Amino acid sequence: MAPMTSSPSTASWGAFAAAEPAFADTVRRRFQLHKHHVLATLRADGSPRVTGLEADFRFGELLLGMMPDSRKALDLRRDPRFALHANPGPDAEMNDGDVRVSGRAVEITDPAVIARFIEEATPPEPFHLFRAELTEVVRVGLDGDFLVVESWRPGQPLRTARRK
């Protein structure tokens with residue numbers, strides 16, 4: 001698959017993983033704990049829409065697949081901004097932290113990439129497939145009595161804030 005480029009204010013998952021491999025691995029593993037997550041998109045009137053979504057890490061990318069002409073797909077085609085929140089799990093403990101990413105979703109239309117995705121992931125067809133171009137990645141967790149907030153933005157180092 002050809003390398004996917006990003007605008008200066010966004011980064012592909014691969015670029016994020018290259019810049020902060022340990023943090024990217026933590027975030028990916030957190031998303032992979034559960035199948036369904038929460039996607040926020042923008043409606044035509046600018047109000048938020050929140051829906052369920054499965055996130056897929058494949059080809060060095062964070063991929064977002066959805067049913068054809070679903071409201072969330074139409075939202076992203078009109079305005080690609082999104083936020084994706086990892087499923088917090090069945091209880092209030094959140095031992096693995098709270099993880100979310102935001103950015104712009106770019107629809108994948110290349111037949112070769114779509115065919116490769118179908119071969120590897122066997123999704124129900126037809127579908128829309130978007131790749132995430134990240135503007136921010138955040139993890140909030142606990143370390144003893146401290147709330148720890150880790151955040152990353154393209155072109156910046158990982159920031160960690162500890163609050164009591």
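A charge is taken to sit over a ring if NZ of Lys or CZ of Arg is within 6 Å of the ring centre and within 35 degrees of the ring normal. The ring of F146 has the charged end of K164 over it in this sense, 5.1 Å from its centre. The model described here is predicted.

**Charge and ring**

- R162 also lies over the face of F146, at 4.6 Å from the ring centre.
- The charged end of K164 is placed over that ring at 5.1 Å from the centre.

**Aromatic pairs**

- A pair of aromatic rings is described by the distance of the centres and the angle of the planes.
- The count of aromatic pairs comes to six.
- One of them is formed by F16 and F23, with 5.9 Å centre to centre and 90 degrees between the planes, an edge-to-face arrangement.
- F16 counts as buried because its relative accessibility is 0%, and buried means under 20%.
- F23 is buried as well, with a relative accessible area of 4%.
- The ring centres of F117 and F127 are 5.7 Å apart and their planes stand at 55 degrees, so this pair is tilted.
- Because F117 lies in helix α4 and F127 in the loop between α4 and β6, the pair ties together parts that are 10 residues apart in sequence.
- Both F117 and F127 are buried.
- One aromatic cluster is formed by W13, F16, F23, F31, F57 and W152.

**Backbone geometry**

- Most residues other than glycine have a negative phi, and most peptide bonds are trans.
- F59, which is not a glycine, has a positive phi of about 60 degrees.
- This residue, F59, is placed in the loop between β2 (48–58) and β3 (61–66).
- With a relative accessible area of 18%, F59 is buried, because the limit for that class is under 20%.
- D69 is a residue other than glycine whose phi is positive, near 55 degrees.
- The loop between β3 and α3 (71–78) holds D69.
- D69 counts as exposed because its relative accessibility is 51%, and exposed means over 50%.
- E125 and P126 are joined by a cis peptide bond, with omega about -5 degrees.
- P126 belongs to the loop between α4 (111–121) and β6 (128–143).

- A86 is located in the loop between β4 (81–85) and β5 (98–107).
- A86 counts as buried, with 0% relative accessibility.
- Apart from neighbours within four places in sequence, the contacts of A86 are R30, F31, H37 and V99.
- F31, one of these contacts of A86, is also a member of the aromatic cluster.
- A86 and K35 are 51 residues apart along the chain, and their C-alpha atoms are separated by 9.3 Å.

- T10 is situated in the segment before α1 (13–19).
- T10 is buried, its relative accessible area being 5%.
- The side chains of T10 and E133 are joined by a polar contact of 3.3 Å.
- Not counting residues up to four places away in sequence, T10 touches R104, E133, L134, T135 and P154.

Methods: Residues are numbered from 1 along each chain as its sequence is written. This is a predicted model: local features need pLDDT of at least 70, side-chain atom pairs count only at pLDDT 80 or more; totals for chains, interfaces and linings use all residues. Side-chain values use heavy atoms; hydrogens and water are left out. Helices (H or I, at least four residues) and strands (E, at least two) are DSSP runs, numbered from the N terminus. Buried means under 20% relative accessible area, exposed over 50%, partly exposed in between (1.4 Å probe, protein chains only). Contact means heavy atoms within 4.5 Å. Rings of Phe, Tyr and Trp (its six-membered ring) pair if their centres lie within 6.5 Å; planes under 30 degrees apart count as stacked, over 60 as edge-to-face and the rest as tilted. A polar contact is a pair of N or O atoms within 3.5 Å; within protein, one must be able to donate a hydrogen and the other to accept it, and residues adjacent in sequence count only if both atoms are side-chain atoms.
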